[in-house]
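Okay, thanks for coming, everyone. I'd like to walk you through one structure today, so let me put it on the screen.

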Amino acid sequence: MNKTGKLVIVPTPIGNLGDMTLRSLDALRGADTVCAEDTRVTGKLLAHFDIRKPLERLDEAMIGSRAAGVMERVAAGEVLAYCSDAGMPGVSDPGLRLVAAARVAGVPVEVLPGASAAACAYVASGTVCPRFYFGGFFPRKAGEQRAVLEELRGLDAALVFYESPNRLVTALAAIAEALPWREVAVCRELTKLHEEVARGTAAELVERFAARAEEPGGIRGEIALVIDAPNAQETAADADVAAASAEARAAELAEAGLRTKQIAKQLAAEFGIARNDAYELAMAAAR
């Protein structure tokens, strides 16, 4: 009888090896081959649990060229396990492309549940918002940072990003500029010995971590940022800015010779404000 092949996505601990699940261990023991983002990292994990299996490197650069061959092996009956360096494969790592290739090829895929830094950080942050948006790694360039934060600022959800310790202060400064009212949590080294969850406004955290960056050793470890959902202060501040912009626009349209009703209609369309509020602004501009 031919063995049925499958691709098994195996989550691994984000820090504490005690978080390795029994199903993940069984999957690694039952696999013909373990494919890994980094064979050195996964090799240490296998050695810790005394699991001896052939290891093959399958990182971001290799998946594009090797995915078809991997799927052929699965279709032929081989059981392949895939591990990323830490956490849930596919969450901001190459595993996502591997699963997509398997779905296209029509081969069986089994995804095991397990540790994820994004979910852990969301809960550890202390936010009370029942929704979160995961944005992967925070953009590196200032323009991209501003664009992402502006695009997401109206989303009624906590925003979760991964970040490098070397770029943490710069990221916090960008958040402080774009979302000054928001509370932010810096979740560092989750589940590990030196786990830290630092919470405050982004401006407060910039000061805190900029000082630490100057200390011996600087800032170390894996980091997840959690930005709270919009709050009442931000909503009020945005409303004041919108009102000022609408008032200025009304004056501009009045000066251009538009009638009151035309101005009100234009304001409602551009700013999404109520018809009565738009009409009052138009009346005031026409005086």
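Let's begin with a cysteine: is Cys 35 buried or exposed? Cys 35 counts as buried, at 3% relative accessibility. Keep in mind that this is a predicted model.

So, what about disulfides? Searching the whole structure turns up 0 of them. For Cys 35, the closest cysteine sulfur belongs to Cys 83, and at 9.2 Å that is too far for a bond. Cys 129 is in no disulfide either, with the nearest cysteine sulfur, in Cys 187, 15 Å away. Cys 129 also counts as buried, at 9% relative accessibility.

Now the overall layout. The unreviewed UniProt entry annotates residues 6–205 as "domain: Tetrapyrrole methylase". That span is 40% helix and 22% strand, and its end C-alpha atoms lie 46 Å apart.

On to the aromatics. The whole structure has 4 aromatic pairs. Take Phe 134 and Tyr 162: their ring centres are 4.9 Å apart with the planes at 65°, so this pair is edge-to-face. Phe 134 sits in strand S6 and Tyr 162 in strand S7, so the contact ties together parts that are 28 residues apart in sequence. Tyr 162 is buried at 11% relative accessibility, while Phe 134 is partly exposed at 25%. Phe 137 joins in too, as ring pairs link Phe 134, Phe 137 and Tyr 162 into a cluster.

Last topic, charges. The count here is 20 salt bridges. One of them joins Arg 52 and Asp 50, with the closest N and O atoms 2.7 Å apart. Both ends are out in the open: Arg 52 is exposed at 69% relative accessible area, and Asp 50 counts as exposed at 51%.

Compare that with Asp 228 and Arg 199, whose closest N and O atoms are 2.5 Å apart. Asp 228 counts as buried, at 13% relative accessibility, whereas Arg 199 is partly exposed at 34%.

And which residues form a salt-bridge network? Asp 38, Arg 40, Arg 57 and Asp 59 do, joined through shared partners. That's what I have, thanks.

Methods:
Residues numbered from 1 in each chain as written. Predicted model: local features only at pLDDT ≥ 70, side-chain atom pairs only at ≥ 80, totals over all residues. Heavy atoms only, no water. UniProt positions renumbered as here; feature names shortened; annotations may be inferred. Helix = DSSP H or I, 4+ residues; strand = E, 2+ residues; numbered from the N terminus. Disulfide = S-S within 2.5 Å. Buried < 20%, exposed > 50% of the residue type's maximum accessible area, 1.4 Å probe, protein only. Phe/Tyr/Trp six-rings, centres within 6.5 Å; stacked < 30°, edge-to-face > 60°. Salt bridge = Lys/Arg side-chain N within 4 Å of Asp/Glu carboxyl O.
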